[in-house]
Structure formats: structure tokens, C-alpha cells
Amino acid sequence: MKNSLFTHWLVTCLVSIVFSTTGFAEPADVANQRKVDEEENVQQKAREKYAGIWRIETIASKGNTSEPDKRIVFDNKTDGTWTLFIDDKEFSSGTNSFGPISEPKEIDISITGGEGQGKVLQGIYELEESIQRLCFRGGAGSRPDSFESFYGDESVVVTFVRE
């Protein structure tokens, strides 16, 4: 009896130690769904911060910075969709997906309608209350890692102001 009491106590202690350090394993489908939910929550928070009407103030390309000669506005929705207007006429539309925990923050811009349809631009962004900067490379370029545009480089840096 003494031996079985000791064995019971030892097993209880071992089980307690194992579960306190590793936790109870949850099924893979539950763990995967939790990961998907967390990612969607991060995406939604980024979409909400990015949402609103943003007017392009400056565009830097190949080392030159200029102001657009037309009124160019992006209307970003909280569902991740956007519409680009030039002089109040719809020009193109698409969706954004965000990597807001990357440094710098990442954005993928998918053009699903209008001019540029089918293209996906990989970029970086930074966002303050009323100013936003976006940098991407034209063509098939890779994601930039800084907000700079040099002669001979395909990077485009766009500065927006919130309207």
C-alpha cells in the first residue's frame, strides 16, 4: 500500500510538471484556426488605421520629387479595398494586405480593376495621423527596404495627406 501511494504521488507530480510546462495540447485544427483569427485581427487593425481618403501630395521617382498636376485620391475602406480617383474619375481599384508588425511595415497592393489590373505591388509604408508614406518598386521589382528613390532605381515614394 505504501508503494502504491508513493507511485500515485509520483505520477501525479510528473503529470502536473509536464502539463504546467507544456500545457494541454490543443488539436491542430483549433491551433490553426486560432492563428488565422489572430492574423485576421492584426490585418483588420491595420486596415482600420489605413482607411480613409488620402490625397497624393508628392511622388519621388528616380531621385526626383514632384507634386502631381492632377488631384489624385485613394479611398481606402476598412475591408481592405481601395479605389483610386484622378480628378474625381475612377482610375483603378484593388485590395491591400498588410504586414504591420514587420519593420518597416509591409503592404501588398493588388490591382483588381481598371488601369494596371492584375499587378501586385510589394511595398512598405509608414503611417501617422494625417501623413502616410508608401514606397514600392515598379515593374517586377522586389520589396524596397527604405523610403528612398535614387536615379537608376525603380523605387517610387509617395507621400499622402489625409483629407
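Start by selecting Phe98: at 8% relative accessibility this residue counts as buried (buried means under 20% relative accessible area, exposed over 50%, and partly exposed in between, with a 1.4 Å probe and protein chains only). Before you go on, note that this is a predicted model in which local features need pLDDT of at least 70 and side-chain atom pairs count only at pLDDT 80 or more, while totals for chains, interfaces and linings use all residues. Residues are numbered from 1 along each chain as its sequence is written, and side-chain values use heavy atoms, with hydrogens and water left out.

At 5% relative accessibility, Tyr125 counts as buried. A pair of aromatic rings is described by the distance of the centres and the angle of the planes. Here the ring centres of Phe98 and Tyr125 are 5.5 Å apart and the planes stand at 75 degrees, so the pair is edge-to-face (rings of Phe, Tyr and Trp, the last by its six-membered ring, pair if their centres lie within 6.5 Å; planes under 30 degrees apart count as stacked, over 60 as edge-to-face and the rest as tilted). This pair links distant parts of the chain, with Phe98 in strand 5 (residues 89–99) and Tyr125 in strand 7 (residues 120–127), 27 residues apart. Strands are DSSP runs of E with at least two residues, helices are runs of H or I with at least four, and both are numbered from the N terminus.

How many aromatic pairs does the structure hold? There are 5 aromatic pairs. For another of them, select Phe74 and Phe160: the centres of these rings are 5.7 Å apart and the planes are at 75 degrees, so this pair is edge-to-face. Phe74 sits in strand 3 (residues 72–76) and Phe160 in strand 9 (residues 155–162), so the pair ties together parts 86 residues apart in sequence. Both Phe74 and Phe160 are buried.

Next, turn to the backbone. Select Glu103 and Pro104, which are joined by a cis peptide bond with omega about 0 degrees. Pro104 belongs to the loop between strand 5 and strand 6 (105–114).

Two loop residues complete the tour. Lys62 lies between strand 1 (52–61) and strand 2 (64–66); its phi is positive, about 55 degrees, although Lys62 is not a glycine. Its relative accessible area of 39% makes Lys62 partly exposed. Then pick Asp87, in the loop between strand 4 (81–86) and strand 5. Asp87 is not a glycine either, yet has a positive phi of about 50 degrees, and at 40% relative accessibility Asp87 counts as partly exposed.
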